[in-house]
Amino acid sequence: MTLQKVNTRNTILILMIIAAGAFRLVSARYPYVLSNFSPIGAMALFGGAYFTDRWKAYVVPLIALFVSDIFLNHFYSGTWQIIDSSSIMVYVFFIVAVFMGTFIKKANVMNVTVASLSAVVLHWLLTDLPLGNLYPHTFAGYGQSLVAAIPFEKNMLFGDIVFCAILFGGFELAKSKYTFLRSKREIAL
């Protein structure tokens, strides 16, 4: 695989992740209808699955998440806040979801669906830890937090399914038409 093919492949992957990240800003315009209908799980899984350089698999989706978070925070609070305490567990989830994506060796409906469902469950369990002041810092408080989050996680599940279909399906379709988008491993097979 030539350097130009690698650069073209990486550029396409980066643009797809940026486009998905930009949708987070669109969904913020409809906070009650699209609350948590988000591409973040799909972005993480996609980056982990397709970047051949592992550092890019983590860095590119994390930067897209970070930049879109800055704009979302500004949209909701009116200030340019870089990060808040509630974001820490989202970033932990995101890093783990990228790692989960690295295990997707063949992007088919079954593999991507299982990874997507696993990512939503992981997001639910990690990001709803009762770390703030909303719920007691007990097992019962954690249970209350998990129950309260169900409608948001349902939207995240739908978002992951839609965006995984778009990202994975779109890139697989592009690879079938343009062989220069295939990785060295795929060419060897």
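Because the model is predicted, local features are described only where pLDDT is at least 70 and side-chain atom pairs count only at pLDDT 80 or more, while totals for chains, interfaces and linings use all residues. Residues are numbered from 1 along each chain as its sequence is written, and side-chain values use heavy atoms, with hydrogens and water left out.

In soluble globular proteins, nonpolar side chains tend to be buried together. In this model the largest nonpolar core has 39 residues, and those with the most contacts inside it are Phe46, Phe93, Phe94 and Phe168. Such a core is a set of buried Ala, Val, Leu, Ile, Met, Phe, Trp, Tyr and Cys residues joined through side-chain atoms within 4.5 Å; buried means under 20% relative accessible area, exposed means over 50%, and partly exposed lies in between, with a 1.4 Å probe and protein chains only. At least two residues of this core come from each of helix H1 (3-27), helix H2 (40-50), helix H3 (54-77), helix H4 (88-101), helix H5 (109-127) and helix H6 (139-177), and H2 gives the most, with 8 residues. The helices are DSSP runs of H or I with at least four residues, numbered from the N terminus.

Phe94, leaving out residues up to four places away in sequence, touches Ile40, Met43, Ala44, Pro61, Leu62 and Leu65, where a contact means heavy atoms within 4.5 Å. Ile40 lies in helix H2 and is buried, with a relative accessible area of 6%. Apart from its neighbours within four places in sequence, Ile40 is in contact with Arg24, Leu65, Val90, Phe93, Phe94, His123 and Met156. The C-alpha atoms of Ile40 and Pro61 are separated by 8.5 Å, although these residues stand 21 residues apart along the chain.

How do the helices lie against one another? Two packed helices are described by the angle between their axes and the distance between the axes. Here the axes are lines fitted to C-alpha atoms over the stretch in contact, and the angles run from 0 to 180 degrees between N-to-C directions. The axes of H2 and H3 come within 8 Å and cross at roughly 160°, which makes H2 roughly antiparallel to H3; angles over 145 degrees count as roughly antiparallel, those under 35 as roughly parallel, 65 to 115 as roughly perpendicular and the rest as oblique. Ile40, Met43, Gly47 and Gly48 of H2 make this contact with Arg54, Ala57, Pro61, Ala64 and Leu65 of H3.

In their contact, Met89, Val90, Val92, Phe93, Val96, Ala97 and Met100 of H4 meet Ala115, Ser118, Ala119, Leu122, His123, Leu126 and Thr127 of H5. By class, this contact has 11 nonpolar, 3 polar and no charged residues, where Ala, Val, Leu, Ile, Met, Phe, Trp, Tyr, Cys and Pro count as nonpolar, Asp, Glu, Lys and Arg as charged, and the others, Gly among them, as polar.

H5 also packs against H6: their axes come within 8 Å and cross at roughly 150°, so H5 and H6 are roughly antiparallel to each other. By class, the contact of H5 with H6 has 15 nonpolar, 3 polar and 2 charged residues.

Finally, two residues can be set side by side. Phe51 is found in the loop between H2 and H3 and, at 1% relative accessibility, counts as buried. Val114, in helix H5, is partly exposed, with a relative accessible area of 45%. Val114 and Thr11 are 103 residues apart in sequence and 27 Å apart in space, C-alpha to C-alpha.
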